Amino acid sequence: EQRGLPVRKDSFTVGANATVNAGGNAYEWIAFGNATSPVTGNGAADFMIGAHTGNGITARVFDHMGIDPDMVTVKRTITTAALANWQSATMAANTSGYFSATADVVDGSIFQTLDSTGFTTGLGATINAAGGAYIWFAFKEGANFDVGSYTGDNTPGRDITGLGFAPDWTWVKRSTAVRGVHRSTSSTITGANAQHFLNVSNETNHITAFVADGFTVGNSTEVNAT
């Protein structure tokens, strides 16, 4: 513990909700550590977490983050208009993606730009409604994190490479209204299975494997439609 800041934890606790802890169900989890935040102080130079209260004003700038983010994800804390939205450095300005089966928003009402020391938002309910409570996390590209894009060609067994490292978790989201999928190197994700961000069982033909410099996709509409 330094400067009166909380001690960083090495575990997390879940309740009995079926989303995280129903008897007999198998669950996957992903964890990122050593974030820089207003609570914990300086941590990783490529990972930051934070929170804000919406002010309902467009072109709102969040800066002085300490990193130049290549991906930012924001989630409102209420159920109404609470879809998580994100923007990466490979997406055009004013474009926001979702993890759910929702098409990208391209009018700047949610994310507008990723900036040299932060990001700029619109006034949409999922990111900056007056009085709304939001939490967010941001990554910068580096030795263990990469963002990218590709155009689908309907070829099964296609390798997406060029990451610069062997990934342990990958997600893919098409820009149209189809659901996002993800896969980890967990031993319980077997065969060619991948998971969804929605309440859908694991399926094959999405992210089917990992390779030394990337990952392999099938030819489903979620990951590789022409």
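Two strands are taken to pair if DSSP finds at least two bridges between them, while strands (E, at least two residues) and helices (H or I, at least four residues) are DSSP runs numbered from the N terminus. The views below show a predicted model, in which local features need pLDDT of at least 70 and side-chain atom pairs count only at pLDDT 80 or more, whereas totals for chains, interfaces and linings use all residues. Residues are numbered from 1 along each chain as its sequence is written, and side-chain values use heavy atoms, with hydrogens and water left out.

**View A. Strand 4 and its pairing partners, strand 3 and strand 5.** Strand 4 (residues 85–88) pairs with strand 5 (residues 97–98) in the antiparallel sense over two bridges, and Trp86 stands opposite Gly97 of strand 5. Strand 3 (residues 71–76) also runs antiparallel to strand 4, joined by four bridges, with Val72 placed opposite Gln87. In a regular strand the side chains alternate between the two faces of the sheet. Here Asn85 and Gln87 point one way from strand 4 and Trp86 and Ser88 the other way, and all are buried (buried means under 20% relative accessible area, exposed over 50%, and partly exposed in between, with a 1.4 Å probe and protein chains only).

**View B. The salt-bridge network of Arg179, Glu203 and Glu222.** A salt bridge is counted where a side-chain nitrogen of Lys or Arg lies within 4 Å of a carboxyl oxygen of Asp or Glu. The side chains of Arg179 and Glu203 meet at 3.5 Å, N to O; Arg179 is in the loop between strand 10 (169–172) and strand 11 (181–184), and Glu203, 24 residues apart from it, is in the loop between strand 12 and strand 13. Glu222 and Arg179 form a salt bridge at 3.3 Å, N to O, and because Glu222 lies in the segment after strand 14 (214–217), this pair ties together parts that are 43 residues apart in sequence. Arg179 is partly exposed at 23% relative accessible area, as is Glu203 at 28%, whereas Glu222 counts as buried at 9%.
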